[in-house]
Amino acid sequence: MKKTALTVHQTARPHGFPAAGHFAFVESPLPEPAVGSALVENLYWSVDPYHREMMDAVPGGFALDAPLEGRAIGRVIASRAPGLAEGDIVFHRQGWRTHAVVTPEEIRRLPRFDGVPLSAYLSVLGGTGLTAYVGLTRIARLQEGEDLFVSAAAGGVGTATGRFARLLGARRLVGSAGSAAKAGHLTREVGYDAVFDYHDGPAADLLGKVALDGIDVFVDNVGGEQLAAAVGALREFGRIVRVGTISQYNSRDAPPPRFDYADIVEKSLRMEGFLVSNYRDLQEELYAFAVPHLQSGRLALDETVVDGFEHIVDAFLGMLRGRNTGKIIVRDHAQAQGVH
C-alpha cells in the first residue's frame with residue numbers, strides 16, 4: 001500500500017484562463033480513518049467545466065490552499081464504518097486527491113452492470129449523463145420528431161445529449177464544435193446530422209445553414225453569440241435548456257448576448273436553467289434508461305481518458321481549451337494497466 005497521499009490545492013485566483021501555476025500538488029502521510037469512516041484509494045477522477053467557475057472568489061467556490069472538490073470513484077482499502085467493507089467501489093465528491101476519508105453518508109455505492117466499465121459512472125452514467133438526461137426529459141420535455149441544436153456538442157454533456165436525444169426519438173440533431181475535426185467526429189460517430197465550427201463565421205449564419213427550417217429545442221452549454229442565434233432559429237413553443245456558459249468562464253467581461261427579446265413573447269419561447277444537483281433522485285431512472293442501451297451497443301461511451309493523477313491539472317486545463325472529445329476522465333495508472 002502507498003504510504004503517502006497527494007492532493008491538489010488551488011493557490012491563487014486566475015484572471016482569464018487558469019494556468020498550472022494556480023495549482024500545487026501537496027504530499028501528506030496516508031490518512032487514517034476514524035471510527036465511522038473509511039479510507040478510499042481513488043481510481044478515476046472527473047474534471048468538469050464548473051470547476052473553472054469555482055476557482056473564482058464566489059460563494060461556495062474553492063478555498064485557496066485547500067484540497068479541491070470533485071467527483072471521483074475509488075476502492076475502500078480500510079474501513080471503520082459499518083456497511084463499508086474493504087474492496088467496495090464507491091462514488092464520492094472529495095475528488096482531486098489520491099486518497100480520501102469518507103463516511104457512509106458521503107458516498108454512493110456503485111452498482112455493477114455486466115459490460116459497463118467503471119469510467120461510465122463519471123461520464124454517461126454520472127453527472128454528465130444525468131445533466132443531459134434531465135435537460136432533455138425534464139427541462140426541454142423532448143417530444144419524438146423534434147429538432148435540436150446543441151452548443152459545445154463535442155464535450156461530455158454535448159455528446160451525451162446527442163446520443164440520448166437520438167434514443168428518445170429526436171428527428172434532426174445539429175451542433176456546434178470548436179474544430180472541423182470535432183465536427184466530423186460528431187457526424188460520423190455520435191449521430192449528429194450536421195455540425196458547424198463556430199470559428200467559421202457569425203453563429204446565426206452558421207446555424208441557419210444547418211437548420212434551414214428552424215429548431216424546437218436548444219441545449220446551451222456556451223451562451224453568448226450562439227444563444228442569440230438559437231433564439232432567432234427557434235420555432236413557436238421552442239425551449240432553451242441552459243446548462244452552462246463556457247464562453248464567459250474565462251472572460252467575465254464578455255458582453256451578454258444580443259437578441260430580439262420580442263421573440264420570447266411572439267414565439268412563446270421558454271428558457272430554463274437548472275443545477276443537476278437538484279435532480280439526484282433521478283439517478284436510478286438514468287441507469288434504467290441508459291444501461292440497457294450500453295449493454296446492447298446502441299449507446300457508446302464518449303470519453304477522453306488521461307492516465308495518471310499527476311496529469312489531472314493538465315487534463316483540466318486541456319478541457320478548458322477544448323482538447324477533449326466527450327467526457328474527460330483521469331485514470332489511475334494501475335487501472336490503465338488492468339491491475340485490480
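Start at F164: its relative accessibility is 0%, so F164 counts as buried. The model is a predicted one. F164 has an aromatic partner, F289. F164 belongs to helix α3 (residues 156-167) and F289 to helix α9, so the contact ties together parts 125 residues apart in sequence. F289 has a relative accessibility of 16%. The cut-off for buried is under 20%, so F289 counts as buried too.

This pair is one of 14 aromatic pairs in the structure. Another joins Y121 and Y287. Here the centres are 6.1 Å apart and the planes stand at 85°. Planes over 60 degrees apart count as edge-to-face, so that is the class of the Y121 and Y287 pair. Y287 sits in helix α9 (residues 283-296), while Y121 sits in the loop between β7 (108-109) and α2 (127-139). The two are 166 residues apart, and the pair links distant parts of the chain. Y121 is buried, at 0% relative accessible area. Y287 also counts as buried, with 3% relative accessibility.

Now turn to a cluster. F23, W96 and F316 are linked into one by ring pairs.

Charges meet rings as well. The charged end of R321 sits over the ring of F17, 3.6 Å from the centre of that ring. R108 lies over the face of F91, and its distance from the ring centre is 4.6 Å.

Terms used: Residues numbered from 1 in each chain as written. Predicted model: local features only at pLDDT ≥ 70, side-chain atom pairs only at ≥ 80, totals over all residues. Heavy atoms only, no water. Phe/Tyr/Trp six-rings, centres within 6.5 Å; stacked < 30°, edge-to-face > 60°. Helix = DSSP H or I, 4+ residues; strand = E, 2+ residues; numbered from the N terminus. Buried < 20%, exposed > 50% of the residue type's maximum accessible area, 1.4 Å probe, protein only. Lys NZ or Arg CZ within 6 Å of the ring centre and 35° of its normal.
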